Amino acid sequence: MRVVELKYMKLHQVWQLGVKDMKAVPLPRPRAAPKRRAWILAVAAFIFIALAWAYLYPPPHYTSPVRDWLPGRLPAEPARELTDEERASRVVFRQILTTPPVRSKNSKIAFMFLTPGTLPFERLWEKFFEGHEGRYTIYIHASREKPEHVSPIFVGREIHSEKVTWGKISMVDAERRLLANALQDIDNQHFVLLSDSCVPLHNFDYVYDYLMGANLSFIDCFYDPGPHGNFRYSQNMLPEVTETDFRKGSQWFSVKRQHALMIIADSLYYTKFKLHCRPGMEDGRNCYADEHYLPTVFHMMDPDGIANWSVTHVDWSEGKWHPKAYRAKDVTFDLLKNITSIDMNHHVTSDSKKVVTEKPCLWNGAKRPCYLFARKFYPESINNLLTLFANYTLI
């Protein structure tokens, strides 16, 4: 009995000690109330939805630096195994597209003139550039002879140039040469290719805001199954370029800095077009690299990053090998205002069906006039253009 009582006393002491120790241990902090957790989750969900909406549907005059390099814009991997050269090219393109663009405090537009010699509209362009020093740069690729300048802003703006033959890869070489020179200036953020027959359709401020504020590059691109489209494709471009990827478009582009870097960095696709897109190919086919190279590459590599139309107007309605050219008598206020009012771009296939595709020109999601420049104007029209400039460029 005595032993049992001693054991009971010891157990009672241990229990009391345990209770005393428990009083010293701090109680756990209560969890957040369910209502508070629900409120926090609701706020987080709202922020996520707001950011997603802003990305997908930005305001008409807003362009996001992040939107330019999000991975969603990258090319999809083909089902087949990539060649070594193709994989290397995609690595370079992916790096360019996913690297945040360098932002300049003094952003400029590079105006790149591809011309055989003297520029006949220098006085008109001088009027266009007047008062906007520091917001533009000029580069001239003169393929035949050294230009004679009438405007001081064009003096000394020539780059090293080579002979250019219409329809051959030398045309693309000249474009890449202009881009390589213009890219050396870190302030150049947009790059416009112009011919000697091009004229401005708007004043400088309008053009600057249009290009610098756009979230796309303006590269013309469409599918043409006809003789002047996919008939020009060569099976020798396989496996990297398939016939279903082959595209057509105007050579007169306007591109952001990232896309300009892609153009001069490319070796694989450039070589394919150099070797297998030229006049006098097999089966009597004629392929012109300047009409197919850039549309095809950007359709494959960054289809959502281009507008699929050119901001340089040209009239092919006459159905000839060359577009309509404007003589002095043709250059009137009504002609220029009609061109500047066009807000739909259209493409026509070259097959017997002559399928017409019309789409609105969307600038950051909003419908806007399509064209900033126009060609082809004869030199004789310079006086009419100078007289009309102040009126037809009014917004």
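**Before selecting anything**

The model is predicted: local features need pLDDT of at least 70, side-chain atom pairs count only at pLDDT 80 or more, and totals for chains, interfaces and linings use all residues. Residues are numbered from 1 along each chain as its sequence is written, and side-chain values use heavy atoms, with hydrogens and water left out.

**Stop 1: the whole chain**

Show the chain as a cartoon. There are 11 helices and 13 strands. Helices (H or I, at least four residues) and strands (E, at least two) are DSSP runs, numbered from the N terminus.

Switch to a surface view. The accessible surface of the chain is about 21,300 Å², and carbon and sulfur atoms hold 59% of that. Accessible areas come from the Shrake-Rupley method with a 1.4 Å probe; for residues, only the protein chains shown count as cover.

Of the 395 residues in the chain, 46% are buried. Buried means under 20% relative accessible area, exposed over 50%, and partly exposed in between (1.4 Å probe, protein chains only).

Now turn to contacts (heavy atoms within 4.5 Å). Among those between residues at least 6 apart in sequence, 79% join residues at least 24 apart.

**Stop 2**

Next, select the cysteines. A search of the whole structure finds two disulfides, a disulfide being a pair of cysteine sulfur atoms within 2.5 Å.

Select Cys277 and Cys287, which form a disulfide with their sulfur atoms 1.9 Å apart. Cys277 and Cys287 both lie in the loop between helix 8 (268-276) and helix 9 (289-301), 10 residues apart. Look along the S-S bond: the angle about that bond is -80°, and the link of Cys277 and Cys287 is left-handed. Both of these residues, Cys277 and Cys287, are buried.

**Stop 3: Cys361 and Cys370**

Move to Cys361, which a disulfide joins to Cys370, with 1.9 Å from S to S. The link of Cys361 and Cys370 is right-handed, with 95° about the S-S bond. Cys361 has a relative accessible area of 0%, so Cys361 is buried. Cys370 also has a relative accessible area of 0% and is therefore buried.

With the bonded cysteines of the chain numbered in sequence order, the pairing reads 1-2, 3-4.

**Stop 4: Cys198 and Cys221**

Finally, select Cys198 and Cys221. Cys198 counts as buried because its relative accessibility is 0%. Cys221 counts as buried because its relative accessibility is 8%.
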